[in-house]
Amino acid sequence: MNDKLHWWCDRAWLYVVYLEGVVMLCALPIGLASWDTPKIIGCLLVIFLAAHVFEENTWPAGFFYQNNLGVGSKDPMVYPQNMLTNMITNLGLLTLISVFVLTGIVPDAMLVTLAGMFGVGECIGHTRGGILMYRRFRDAGKRTLYAPGLANTYLCLLPLSTYSWWWLATNAIPVGRILSGVILFVCLAVCFIGIPLGISARVKSPRFAFTRKGYFEKFD
């Protein structure tokens, strides 16, 4: 059972994430004729997040290493982000957001606010991480602020976030509804990111340690 779980958390789950992104990408042109703007924004969020996961975990990969170093981990291949937390965070969030989009159980304003918050949060996190990694590895030859996930953040998630906030403003969405979307974002961040990483930071188990540094191999 442990071997199967390790296999799943290593690479297998990624193909489910990419499949979700492809399904949404195929559904988008069909839905453009009948979907309202919030649903289109939600669909784009899933597509962009799937691409974001690809950049962080498949090519060039290595986001976990930056993330763990950024929080002061003494063993960045092991904790707090490991293969298990990585799977829980990315697959869990993407699947839940897909459910939100396809079922409509989340009100439009909340879904659009969620997209707006993702762009802002990822921009802050990846910009900070890029600066930290540049400072850490510039003597080893690093010449840019780039780190895995940064390109998708600036080219996809941030523009979608900007449009989402513009839509909320131009449609005069009440502050209370926007606040509910912010609360939803915080709850998702706590449940799918904060709690798994917090537990891993305490346990420090090597069971699901990463084996490849991806983009950072050439600097470290």
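Helices (H or I, at least four residues) and strands (E, at least two) are DSSP runs, numbered from the N terminus. The model is predicted: local features need pLDDT of at least 70, side-chain atom pairs count only at pLDDT 80 or more, and totals for chains, interfaces and linings use all residues. Residues are numbered from 1 along each chain as its sequence is written, and side-chain values use heavy atoms, with hydrogens and water left out.

**Exercise 1.** Locate Arg-138 and state whether Arg-138 is buried, partly exposed or exposed.

Solution. Step 1: Arg-138 lies in the loop between α5 and α6. Step 2: buried means under 20% relative accessible area, exposed over 50%, and partly exposed in between (1.4 Å probe, protein chains only). Step 3: Arg-138 has 42% relative accessibility, so Arg-138 is partly exposed. Step 4: the C-alpha atoms of Arg-138 and Val-175 are separated by 44 Å, and the two residues are 37 apart along the chain.

**Exercise 2.** Find the salt bridges and describe the residues in them.

Solution. Step 1: a salt bridge is a side-chain nitrogen of Lys or Arg within 4 Å of a carboxyl oxygen of Asp or Glu. Step 2: a search of the whole structure gives 2 salt bridges. Step 3: one joins the side chains of Asp-10 and Arg-212, at 3.4 Å from N to O. This pair links distant parts of the chain, since Asp-10 is in helix α1 and Arg-212 in the segment after α7, 202 residues apart. Asp-10, at 24% relative accessible area, is partly exposed, and so is Arg-212 at 44%. Step 4: Asp-220 and Lys-213 form a salt bridge at 3.3 Å, N to O. Asp-220 is partly exposed at 46% relative accessibility, whereas Lys-213 is buried at 17%.
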